[in-house]
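Me: I have the sequence and the model open side by side. Could you go through it with me, a bit at a time?

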Amino acid sequence: MSTDAIAIPRRELASSPIVTRLHEWVTTVDHKRLGILYIIYALVFLLIGGIEATVIRIQLIRPHNDFVSPQVFNRMFTMHGTTMIFFVVMPVLFGFANYLIPLMIGARDMAFPRLNAFSFWMTAFGGLLLYFSLVGANGLYGAGNAPDVGWFAYAPLTSRTFSVGHSTDFWTLALLVSGFGSIGTAINIIATILCMRCPGMTLAKMPLFAWLNLVMAGLVILAVSPLTAAQIMLLVDRYLGGHFFDTQAGGSAVMWMHFFWIFGHPEVYVLILPAFAFASEIIPVFSRKPIFGYSVMVGATVAIGFISMSVWAHHMFTVGMGANVNTFFVISTMAIAVPTGIKIFNWLATMWGGKIEFKTPMLFCIAFLFQFLAAGLTGVMLSVAPFNWQLGNSYFVIAHFHYVIVGGILFALFGAFYYWFPKMSGKMYSETLGKLHFWLFLIGFHLTFDFMHIPGLLGMPRRIYTYEPGRGWDTWNLIVTIGVFFQAAGILVFLGNLLWSNFRGEAAGSDPWDAWTLEWSTTSPPPEYNFSTIPAVESRRPLWDLKHPDDPDSKYE
Amino acid sequence: MQSQGSQILVLVCCSATAFADAASPFRPTNIFAPASTPAKSIFGLSLFVLAVVGAIFIVVFTLLLYSVVKFRKRRNDDGREPPQVYGSNQVELAWTVIPVLIVVALFMATARVIATVQKVSMPGNAIAVTAIGHQFWWEYRYPALGVVTANELHVPVSDPGHPTPTFIKLLSADTDHSFWVPRLAGKTDLIPNHPNSMWIDPQETGLYLGQCAQYCGTQHAKMLLRIYVQSRDDFDRWIQAQRQPVSVSATASQGQRIFETTACINCHTVAGTAANGRFGPDLTHLMSRDTIAAGAASNTAENLRLWILNPNAIKPGSLMPAMELNDQELDALTAYLETLR
Amino acid sequence: MNATSIAAAEQRIEWDRPARGRVAMFGLIAAEAAIFTIFVVAYLFYVGKSLTGPLPKDVLSVPIFYTICLLSNSLTIHLAAKSLRQGSVRRFGILWLATIALGAAFLYGTATEWHRLIYQEGLTISTNLFGTTYYSLVGLHGFHVIAGLVALSMVMVFTFLGNVRPEHAERVDVLSLYWHFVDTVWIVVFTVVYVIGR
């Protein structure tokens, strides 16, 4: 297929001095460059968060281990959770959204390019602020050290009484700052999708990727704001003598939990919806069929968005909210399983009757389907409040949410990396290394997270730096730790593949996958202006219509 | 194929027995080995939930596996696109209605057990205990029986025919904690300014283990729980022993003098003496306990001495300060504590 | 890929999309509304729960005058935007200035109220639960009034410099959306603090 799109050759830029090129990157407002900045930032923090996880797992490899002190361990799990959620998964998803949304809807950039840049740098600064907490040396009173209050920072552990020094403040401020960045990005995504679609692309004709990110952005606005409010309240308590969470003055520790989880639960849907978006773009292309049930997928997404705002207290079943309140949150949580299950069935139906090609992106998405199914089902188990009274705050919960975030989100994300890498870099990755990454990571993931459920069932709580022998937890913890090294190997292969292919890979062309959405109609990588002329579309798969003029989608939609 | 199948069967059976093996001391905190009504109600519900969830998993897993195998692109593919199917309203309806029905069934079963466990009022013959969570130890008070102790809870066994449950009121002196003894009940949190309550009616005597299940600071990991379920007679005898103040000798021993003149009495209580501090555990009957430091070490003279000398050697980050005593003072003090039976 | 055939379709299709400034402002308002909701929930939850110290009914006096100032500048800003759309920059400038003045009056009222509460009644943010929630909620709103006045003042300066013209009516409209939101929040805060909570 020849391309008429005109691309400015990039060779001349390679000869400008490095300072000029760096300056261009730092001052860019181009959505594609900001997207890549988000992604690289996230990959750096993925390595850091991964090291933190490795330290945790080495400490827990056997009972009464002394690899690190309890103080260091408590900082490790706090930093691991906070880093992974706020400075790895959110940025990388914003990065893909920023890069792809304008291209998929036929626009030249996001609605507010400067707001886009501001949001990125706020997020970036938040991460640096969090890690600046390490600079304060141990023993310098008040100088701070990494926060050790857990990523959900329950009150009153975070009050000045129990968290002396400034480590908690670094946690609070880092999230406050990056929260403004998240809200800015969310506003930008919504404005872009609602206002910048190319002619003919009604909301009913835009890619599911756009729909899922639209709902995600709505959730960010409604969820991150309560966290912002709670952080302000915490700062008022810590610095202005306020009593929001001061139980000695009649304040409520439970109120922090409510506010945090009103953020915390929709947050996990913020994380998973873009993963659904990746799957919804990749699975159809590699099954050679359109997504099954587009309207139902949209409806299910919107339903998930709404219901997700009403389930938060399933994180608080053990707190003592009373039987009636517990019962309400059981039903709301179970309800959200229905649209989520519908999505799995629609992906299954997309593959059904297709011609599946097992390229690396598809391998990761197939694993995503199996793993997300399992993760969702352990979630249903946890939604049963009495069962939660046993399983909550144990390693079963840790296994569940890592199954979602690693087994679901990270796998779909790897699929997305391989799928869109040719578009972003213009080069093809090594399929052999891609498959090696897949198998290494799959083995490691299952070793670690399948077996992690068992200590939870045997009574092992979370956030403990060591454990007693004789509880039956030892062997399982050993297996869990071994899996980490396979995952690490997989990630190293992945990064090596990206780097090597970026510089030495074969040219990919504009449409290496024979796909159907607008980003594949322009060059790889796209020119700064994205499209030589703004396209106009008549169906959900404009490139299918062009490639099959005798049988366009517009006839059937 | 055959041997693989039987291998799998053996594996499944082993796992099942491994989980159900309640009496084995090897798994004292197994949630699938309930010995008290709340834990048993949860266990029954969990089997139902596991069955439903397991069935769903097997069905969908099989369908997914089938689809990636059956609909893979063959080597001799003709290069044409497969039939482009956009959706089907009937199918969508089917796989909406069935999950809704499953959810309704799960919900009804769950609501019933929530009520069974949480909508229970304390009967007249129940033992009332108040548990107060501290960083990083458990305070227990039996208000009606006039007993105060720490870290090791004693309750009477409950005959299912004539239950004598123990109702525990849960309070906190500092941050959030959680009381989790898996074989007896689900966990309930101890939150300052938010009293909670739970109940247990253990049906077999013995020692039940657990630990704090809500991150409460540096030594959250070693805030262990030990519940001694005893026959009614043994329990009554224990209560009687706990109610006695210590016998104070006419001339206070050197160890007792050290205890009362160092900062010990600021935090600890020894009933019948000048020591009535509340920040640390009540030591009146310290030697009646098997462990010290909330289960972090066994209660031997050597450990006791080490604990006073350098708590960080046993539980780094605990709130007991190192008392900076010399060897001779330590020996005397330990000897005194050893008299607190 | 035949770009020309895609482009040709453009002429056949009529294409209407909302204005991005307006959509973004609604997004911002939604986020801010969520933040205020949390502070209002905290305020309502803690009504009557202070263990010590001055109670609302003892120390609060209902700020009727300053409330009228603030709410009436919703009217002036609406008329200002309308004037600009109709082409009258002069009338726009006068009404815009009135909006700012009324907003500043409201802030002055809040300041004097706080001065009285702190120095005469002894109520500070750290006194009790009422103090904490009152100053946080009213303060958060006041902060948004200040931010709004800064934005309005910038537009005032541009007007004096002659740079504001009728074609900017849409942008002024979007800014006035923010101002209407701030006023609406005051209605909620007023009801919660001076009616329900007292």
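Me: Which residues are linked with B:Glu81 in a network of salt bridges?
Reply: The network of salt bridges links A:Arg288, A:Asp511, A:Asp514, A:Lys547 and B:Glu81, where a salt bridge is a side-chain nitrogen of Lys or Arg within 4 Å of a carboxyl oxygen of Asp or Glu. Please keep in mind that this is a predicted model, in which local features need pLDDT of at least 70, side-chain atom pairs count only at pLDDT 80 or more, and totals for chains, interfaces and linings use all residues. Residues are numbered from 1 along each chain as its sequence is written, chains are lettered from A and ligands numbered from 1 in the order in which they are written, and side-chain values use heavy atoms, with hydrogens and water left out.

Me: How many salt bridges are there over all chains?
Reply: By that rule there are 28 salt bridges over all chains. One of them is in chain B, where the side chains of B:Glu152 and B:Arg226 meet at 3.7 Å, N to O. B:Glu152 belongs to strand β4 (residues 152-156) and B:Arg226 to strand β10 (residues 224-230), so this pair ties together parts of chain B that are 74 residues apart in sequence; strands here are DSSP runs of E with at least two residues, helices are runs of H or I with at least four, and both are numbered from the N terminus.

Me: Is B:Glu152 buried or exposed?
Reply: B:Glu152 counts as buried because its relative accessibility is 2%, and B:Arg226 is also buried, with a relative accessible area of 16%. Buried means under 20% relative accessible area, exposed means over 50%, and partly exposed is in between, using a 1.4 Å probe and protein chains only.

Me: What else forms a salt bridge with B:Arg226?
Reply: B:Asp290 does, with the closest N and O atoms 4.0 Å apart. B:Asp290 lies in the loop between α6 (264-267) and β11 (291-292) of chain B, 64 residues from B:Arg226, and at 41% relative accessibility B:Asp290 counts as partly exposed.

Me: Switching to chain A, how many helices and strands are there?
Reply: Chain A has 17 helices and zero strands. Its radius of gyration, taken over C-alpha atoms, is 24 Å, close to the 24 Å from the globule rule for 557 residues, so chain A is as compact as a globular protein of that length; the globule rule is 2.2 Å times the number of residues to the power 0.38. Buried residues make up 70% of the 557 residues in chain A.

Me: And how many aromatic pairs turn up over all chains?
Reply: The search of the whole structure finds 87 aromatic pairs, meaning rings of Phe, Tyr and Trp (its six-membered ring) whose centres lie within 6.5 Å, with planes under 30 degrees apart counted as stacked, over 60 as edge-to-face and the rest as tilted. Among them is the tilted pair of A:Phe152 and A:Phe260, 6.1 Å centre to centre with 50 degrees between the planes. A:Phe152 is in the loop between α5 (113-132) and α6 (167-195) of chain A, while A:Phe260 is in helix α8 (residues 253-287), so the pair ties together parts that are 108 residues apart in sequence. Both A:Phe152 and A:Phe260 are buried.

Me: Why is the pair of C:Trp114 and C:Tyr135 edge-to-face?
Reply: The ring planes of C:Trp114 and C:Tyr135 are at 80 degrees, with centres 5.0 Å apart, so the pair is edge-to-face. C:Trp114 is in helix α5 (residues 89-119) and C:Tyr135 in helix α6 of chain C, 21 residues apart.
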